[in-house]
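Let's take a friendly walk through a protein model, one piece at a time. Have the structure open beside you as you read.

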Amino acid sequence: MKKTGVKKSVVNEGEQIQLATEMIKLGARLQLLESQTTLSRERLIKLYKELKGMSPPKGMLPFSTDWFLTWQPNIHSSIFLNIYNYMVENAGVEGITAVLKAYSLYLQQVGHDSDAEPVLSLTRAWTLIRYIDSKMLKLKGCTCCNGSFVVNAYDLNQNYLCSLCHVPSRAGKTKKAKQAKEAKEALTYKLVDSSVVA
Ligand SMILES: [Zn+2]
């Protein structure tokens with residue numbers, strides 16, 4: 001019995017390191033790593049330095065729902081959340097695993113290249129799921145395009161129009177706005193095609 005226990009904990013540690021490695025590669029902050037793995041802070045810092053060649057940035061996790069409701073972040077958050085829900089419903093994943101899988105697919109969908117900072121960081125993506133779970137934010141269907149978007153759960157949102165169908169004049173003209181719209185259209189197509197989890 002004792003031997004099995006030892007073996008099990010080694011396997012578990014291997015899994016934890018693998019999980020932490022995946023999270024670090026996707027841009028997780030130390031606070032997120034500490035909350036989702038059983039590894040010590042010292043080991044996580046060591047692992048982070050080894051993988052990234054630098055110390056993890058300091059700073060707290062974002063703690064406001066407002067960011068997810070501003071124009072461009074809202075589109076990216078909605079893309080991520082649609083993928084996440086699809087993964088949870090169809091791919092039998094949950095928790096941090098679902099967040100990581102959905103986040104990888106999100107980066108692919110928005111055509112993210114590794115040199116630039118993605119609009120939605122992994123830490124924000126994880127925070128978004130916490131806000132959804134605690135029912136502060138939710139998805140709401142747009143009455144114009146039928147797409148589902150992140151909204152404040154406490155707002156009425158009657159005859160809701162998403163930020164792509166109701167574009168603020170300034171935002172609609174930017175290159176990023178065009179990219180976000182294209183990414184969303186590509187996503188809608190792929191989700192219908194269901195090749196997103198293939
Ligand atoms: Zn819409």
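Predicted model: local features only at pLDDT ≥ 70, side-chain atom pairs only at ≥ 80, totals over all residues.

Two packed helices are described by the angle between their axes and the distance between the axes.

Begin with helix α4, residues 71-90, and helix α6, residues 122-133, whose axes come within 11 Å and cross at roughly 70°. Angles of 65 to 115 degrees count as roughly perpendicular, so that is how α4 and α6 lie to each other. Their crossing is right-handed. On the α4 side you will find Ser 77, Phe 80, Leu 81 and Tyr 84, which meet Ala 125, Leu 128, Ile 129 and Ile 132 in α6. Sorted by type, the residues of this contact are seven nonpolar, one polar and no charged.

Now turn to helix α5, residues 95-109. The axes of α5 and α6 come within 10 Å and cross at roughly 130°, and these two helices are therefore oblique to each other. This crossing, too, is right-handed. Here Ile 96, Val 99, Leu 100 and Tyr 103 of α5 make the contact with Leu 122, Ala 125, Trp 126 and Ile 129 of α6. The residues of the α5 and α6 contact comprise eight nonpolar, no polar and no charged.

Finally, follow the chain to the strands. Strand β1, residues 137-141, runs antiparallel to β2, and five bridges join them. As one example, Leu 137 stands opposite Asn 152 in β2. Six residues lie between the strands of this hairpin, where Asn 146 takes a positive phi near 70°. Is β2, residues 148-152, mostly covered or uncovered? Four of the five residues in β2 are buried, so to speak mostly covered.

Technical notes
Residues numbered from 1 in each chain as written. Heavy atoms only, no water. Axes fitted to C-alpha atoms, helices over the stretch in contact; angles between N-to-C directions. Parallel < 35°, antiparallel > 145°, perpendicular 65-115°, else oblique. Left-handed = near helix turned anticlockwise from the far one by under 90°. Contact = heavy atoms within 4.5 Å. Nonpolar A, V, L, I, M, F, W, Y, C, P; charged D, E, K, R; others polar. Buried < 20%, exposed > 50% of the residue type's maximum accessible area, 1.4 Å probe, protein only. Pairing = 2+ DSSP bridges.
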